[in-house]
Amino acid sequence: MPEIETGDILFMDNATAGHIGMAYSASTVIHAQMKGNFHKSNNDQYDTKKQEAMPSMANMAGVMVFRPPWAKCNNAEARKAELQKVADAISLGAKYGAYRAIRLLIGSSEFGPDAYGRFMKYRERYNKTKGTPNLFGEAGKEVIKTVTCSEAVIVTYQLTFPLEESPFFIRLDGAHAMPRTLRDWLKINGWTHVT
């Protein structure tokens, strides 16, 4: 498994739709799942009940790591720090939505008018409260209330980068983008598959 760095997107293939997470740091992945909502998992977790190390997404077999082309980005380190702030803001209020996972099967993953409308709503919510980030956990102050794994990562990137800043702004509808759809988008949009 390659070393991860902030902003890497991790894809784990499985029998269902796959799973997506984002490297929050070199030792932490943030991802959404039914158990834990949109949360951080440290690479060196320990299960005290079983008395053994627990594998994190970053060190599981078969995980693909995609890295954005940071050399094309002005102020890459500042953007990585902003990715962390946005991920923190989303994680304070977002819950995993099982019904949203079912909704992935319906509709288009293209970044069309409906996706743009949701993006603008989330951006407005984020900008309104980012000066007092602890408020994102309060009812009615969430950036987004329910997410899927791919949606959480897509929205994190969309709120960090300007709409026209390709390939950093992920031009997919997070509400309808399956993990495999995001993986395929990354492959064809200049992200490096790190091996």
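Helices H1 and H4 pack with their axes 9 Å apart and at an angle of about 130°. H1 is therefore oblique to H4, since angles under 35 degrees count as roughly parallel, over 145 as roughly antiparallel, 65 to 115 as roughly perpendicular and the rest as oblique. Axes are lines fitted to C-alpha atoms, for helices over the stretch in contact, and angles run from 0 to 180 degrees between N-to-C directions. The crossing of H1 and H4 is right-handed (the near helix is turned clockwise from the far one by less than a right angle). On the H1 side, the contact is made by Arg79, Glu82, Leu83, Val86, Ala87 and Ile90. H4 contributes Ala152, Val155, Thr156, Tyr157, Leu159 and Thr160. Contact means heavy atoms within 4.5 Å.

The model is predicted: local features need pLDDT of at least 70, side-chain atom pairs count only at pLDDT 80 or more, and totals for chains, interfaces and linings use all residues. Residues are numbered from 1 along each chain as its sequence is written, and side-chain values use heavy atoms, with hydrogens and water left out.

The chain contains five helices and 10 strands. These are DSSP runs numbered from the N terminus (helices: H or I, at least four residues; strands: E, at least two). Of the 195 residues in the chain, 50% are buried. Buried means under 20% relative accessible area, exposed over 50%, and partly exposed in between (1.4 Å probe, protein chains only). The chain exposes about 9600 Å², and carbon and sulfur atoms supply 52% of that area. Accessible areas come from the Shrake-Rupley method with a 1.4 Å probe; for residues, only the protein chains shown count as cover. Among contacts between residues at least 6 apart in sequence, 66% join residues at least 24 apart.

Six strands form an open sheet in the order S4-S3-S2-S1-S7-S10, with antiparallel pairing. Its edge strands are S4 (37-42) and S10 (192-194), each of which pairs on one side only. The twist averages 30° from one strand to the next. Two strands pair if DSSP finds at least two bridges between them.

Strand S3 spans residues 28-33 and pairs with S4 in the antiparallel sense over six bridges. Glutamine 33 has asparagine 37 of S4 as its bridge partner. Valine 29 is bridged to serine 41, also in S4. S2 and S3 run antiparallel and are joined by three bridges. They form a hairpin with four residues between them. Glycine 21 stands opposite histidine 31 in S3. S3 is mostly covered, with five of its six residues buried.

H1 (residues 76-93) lies across S2 (19-23), S3 and S4, and runs at about 125° to S4. H4 (residues 149-160) lies across S1 (9-12), S2, S3 and S4, and runs at about 35° to S2.

Threonine 132 sits in the loop between helix H3 (113-129) and strand S9 (146-147). Threonine 132 counts as partly exposed because its relative accessibility is 37%. Threonine 132 and alanine 89 lie 43 residues apart in sequence, with a C-alpha to C-alpha separation of 9.9 Å in space.
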